[in-house]
Amino acid sequence: MTWKDGKRWVYSITYDEGCEALLDNAVPVHRKYGIPGHVALVAREVGVPRMAAGSSYEGMMILSREQIHMLVAEGWGVSCHSMTHAAITDENAEYEVVESRKVLEDALEMPVTMFCVPNSNESYPASRAVAHKAGYNSILTIYDDVNIIESDLLRLCRCPLHTEYPPPFYSAYDPYKRIHQAIDAGGWIIDYCHCPMPDRPIHPWKDCTLQQLEERFQTVLRVGGDDVWLAEPNEVVEYILNTKR
Ligand SMILES: [Zn+2]
């Protein structure tokens, strides 16, 4: 089978935390290129400054319900990024993964069916263990790979779109990252970053710059042409569930 409307591969991008600064920076670039985005939201942090202590994004204002509804009306999607952004264990999973879904749905007044693992992939097993009970149909991780149509929807991989990767490699930014692999595999890239800013990333391992974001979009469109489906992740999950299974 192929992707929607006969497309050969899929491109998505997600922004963890959902900083309000996206509206001044990434969102205009999305509008310019017609690519929908997606925000992973900490359930208790809608329309308030980011609380997670020590986070590179601590204190930054998070999108409000009204702003999120505006983005959703433009084709963006949302996922639940836990209740507090704590590391997920078997002990706190009920609160962080199960209860957080209801809290976020109430805060946004919209359904939320995707979970986004906070912190590191060490939080993944305990998140996954309760995902079905919580009512999620999919989980975003930070395992770095291309997804395919047969991929486990409860272990979706994401491709970090960062200015520089961690030691010991310090890999330079690559606007082509995984694109040719996705084309060959008929796959699905889900890019991962936080809040691209002009000229300098907030954290070089967690973000790219606004210029690099635009370079990525230009590369996706130039290389992908008519073959790439530009979609936010929930839409792709729904397509897979409705078409294949
Ligand atoms: Zn996060």
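The charged end of Arg155 sits over the ring of Tyr143, 3.9 Å from its centre. A charge counts as over a ring if NZ of Lys or CZ of Arg is within 6 Å of the ring centre and within 35 degrees of the ring normal. Arg101 lies over the face of Tyr136, at 5.8 Å from the ring centre.

This is a predicted model, in which local features need pLDDT of at least 70, side-chain atom pairs count only at pLDDT 80 or more, and totals for chains, interfaces and linings use all residues. Residues are numbered from 1 along each chain as its sequence is written, and side-chain values use heavy atoms, with hydrogens and water left out.

**Aromatic pairs**

The whole structure holds nine aromatic pairs. Rings of Phe, Tyr and Trp (its six-membered ring) pair if their centres lie within 6.5 Å; planes under 30 degrees apart count as stacked, over 60 as edge-to-face and the rest as tilted. Two of the pairs are tabulated here.

| Pair | Distance between centres | Angle between planes | Class |
|---|---|---|---|
| Trp3 and Trp188 | 6.3 Å | 65° | edge-to-face |
| Phe115 and Tyr136 | 5.3 Å | 55° | tilted |

Trp3 lies in the segment before strand 1 and Trp188 in strand 7 (residues 188–193), so this pair ties together parts that are 185 residues apart in sequence. Helices (H or I, at least four residues) and strands (E, at least two) are DSSP runs, numbered from the N terminus. Trp3 is buried at 2% relative accessibility, and Trp188 is buried at 0%. Buried means under 20% relative accessible area, exposed over 50%, and partly exposed in between (1.4 Å probe, protein chains only). Trp3 and Trp188 also belong to one aromatic cluster with Trp229 and Tyr239.

In the other pair, Phe115 lies in strand 4 (residues 114–116) and Tyr136 in the loop between helix 4 (124–134) and strand 5 (138–140), so the two link parts that are 21 residues apart in sequence. Phe115 and Tyr136 are both buried.

**The zinc site**

Glu17 (OE), His81 (NE2) and His85 (NE2) coordinate the zinc ion, at 1.9 to 2.1 Å. Donors are N, O and S atoms within 2.8 Å of the metal (3.2 Å for Na, K and Ca); water is not among the atoms, so sites may look incomplete. The spacing of the donor residues in sequence is E-x63-H-x3-H. Glu17 lies in the loop between strand 1 (9–16) and helix 1 (26–33), and His81 in the loop between strand 3 (77–80) and helix 3 (93–108), so the pair ties together parts that are 64 residues apart in sequence. Glu17 counts as buried at 3% relative accessibility, and His81 is buried at 0%.

**Cores and overall form**

A nonpolar core is a set of buried Ala, Val, Leu, Ile, Met, Phe, Trp, Tyr and Cys residues joined through side-chain atoms within 4.5 Å. The largest one has 58 residues, of which Tyr11, Ile13, Tyr15, Leu108, Leu213 and Phe217 touch the most other members. Apart from that core lies another, of 17 residues, among them Cys116, Leu140, Ile149 and Trp229.

The protein has seven helices and eight strands. Its radius of gyration, taken over C-alpha atoms, is 17 Å, close to the 18 Å that the globule rule (2.2 Å times the number of residues to the power 0.38) gives for 245 residues, so the protein is as compact as a globular protein of that length. Of the 245 residues, 55% count as buried.
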